[in-house]
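I opened my notebook today to look up a few things in a protein model. Come along and check each entry against the picture.

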Amino acid sequence: MGVMGVCPDCGFKFTLDAALQDAHARQALAAALEIAPSLASRIVAYMGLFSPGCRAMRMDALAARLNELAAAIKAAEVQRDGRSWAAPLDYWREAIDHMLGTRDKLRLPLKDHGYLFAVVANMSMKAAGQKEQKIEQQRRVRPEGNRTGTPQPVDQAARRALADQHLAKIRGRKHSGEIS
């Protein structure tokens with residue numbers, strides 16, 4: 001007798017050998033093994049969003065979906081609107097959790113990973129925007145003489161006072177005849 005598996009939903013018992021007789025089932029398992037273990041339970045739940053309501057998903061369809069997802073997760077990027085967006089594991093985790101949390105608002109069964117990839121891309125866009133904003137903010141707070149090193153905040157009041165002193169000196173010279 002081979003290694004036994006038991007369906008957690010219905011209790012059906014089957015041998016792992018029997019489950020892997022189908023070529024598509026082997027492909028699905030191989031694809032699933034390429035996905036990060038920390039995402040495993042989320043991926044299983046996410047794949048349920050592709051299942052037609054009252055019947056099981058075909059193994060060839062499951063293998064295709066898992067292969068697409070495994071490739072994107074392994075590449076750590078998604079393609080959206082002609083651009084590549086960074087997609088670290090944390091983004092995948094959050095995006096899948098988002099989709100599972102809004103399952104009742106989704107049009108099921110899903111046909112592809114388009115919405116998941118859009119969520120991941122939006123997270124990446126937001127992170128890139130925040131990073132750019134931080135760099136711009138750091139650039140703005142550097143004093144004139146300090147173009148390298150640690151950014152220092154500019155004291156606008158002190159800057160105005162210094163400018164007023166210089167202006168007063170210039171006016172004093174002009175009134176005394178030093179400057180024409």
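**Entry 1: the whole chain.** I looked up burial first: of the 180 residues of the protein chain, 24% count as buried, where buried means under 20% relative accessible area, exposed over 50% and partly exposed in between, with a 1.4 Å probe and protein chains only. I keep in mind that this is a predicted model, where local features need pLDDT of at least 70, side-chain atom pairs count only at pLDDT 80 or more, and totals for chains, interfaces and linings use all residues. Residues are numbered from 1 along each chain as its sequence is written, and side-chain values use heavy atoms, with hydrogens and water left out.

I then listed 7 helices and 4 strands in the protein chain; helices (H or I, at least four residues) and strands (E, at least two) are DSSP runs, numbered from the N terminus. Read from the N terminus on, the order is β-β-α-α-α-α-β-β-α-α-α. Among the contacts with a separation of 6 or more, 56% come from residues 24 or more positions apart; a contact means heavy atoms within 4.5 Å.

Entry 2: Strand 3 (residues 77-80) and strand 4 (residues 83-86) run antiparallel and are joined by 4 bridges; two strands pair if DSSP finds at least two bridges between them. I found Ser 84 in strand 4 as the bridge partner of Gln 79. The two strands form a hairpin with 2 residues between them, and Asp 81 in the turn has a positive phi of about 50 degrees.

**Entry 3: aromatic pairs.** How many aromatic pairs does a search of the whole structure find? I noted 2. Rings of Phe, Tyr and Trp (its six-membered ring) pair if their centres lie within 6.5 Å; planes under 30 degrees apart count as stacked, over 60 as edge-to-face and the rest as tilted. The rings of Tyr 46 and Phe 50 have centres 5.3 Å apart and planes at 85 degrees, so I wrote down edge-to-face. Tyr 46 and Phe 50 are both buried.

For Trp 92 and Phe 117, the ring centres are 5.7 Å apart and the planes are at 75 degrees, so this pair is edge-to-face too. Trp 92 lies in helix 5 (residues 89-101) and Phe 117 in helix 6 (residues 114-141), so the pair ties together parts 25 residues apart in sequence. Trp 92 counts as buried because its relative accessibility is 0%, and Phe 117 counts as buried because its value is 17%.

**Entry 4: a loop residue.** I found Leu 106 in the loop between helix 5 and helix 6. Is Leu 106 buried or exposed? Leu 106 counts as buried, because its relative accessibility is 17%. Leaving aside neighbours within four places in sequence, Leu 106 is in contact with Leu 49, Met 99 and Tyr 115. Leu 49 is 57 residues from Leu 106 along the chain, yet their C-alpha atoms are separated by 8.9 Å.

**Entry 5: a pocket residue.** The lining of the second largest pocket includes Phe 50, Arg 65 and Lys 111. I looked up Arg 65 in helix 4 (residues 59-75). Arg 65 is buried, because its relative accessible area is 19%. Not counting residues up to four places away in sequence, Arg 65 touches Met 47, Phe 50, Lys 111 and His 113. For the word pocket I wrote out the rule: on a 1 Å grid over the protein atoms alone, a cavity is a set of points where a 1.4 Å probe fits but cannot get out, and a pocket is an open set with protein on both sides within 12 Å along at least five of seven lines; lining residues have an atom within 4 Å of a point.
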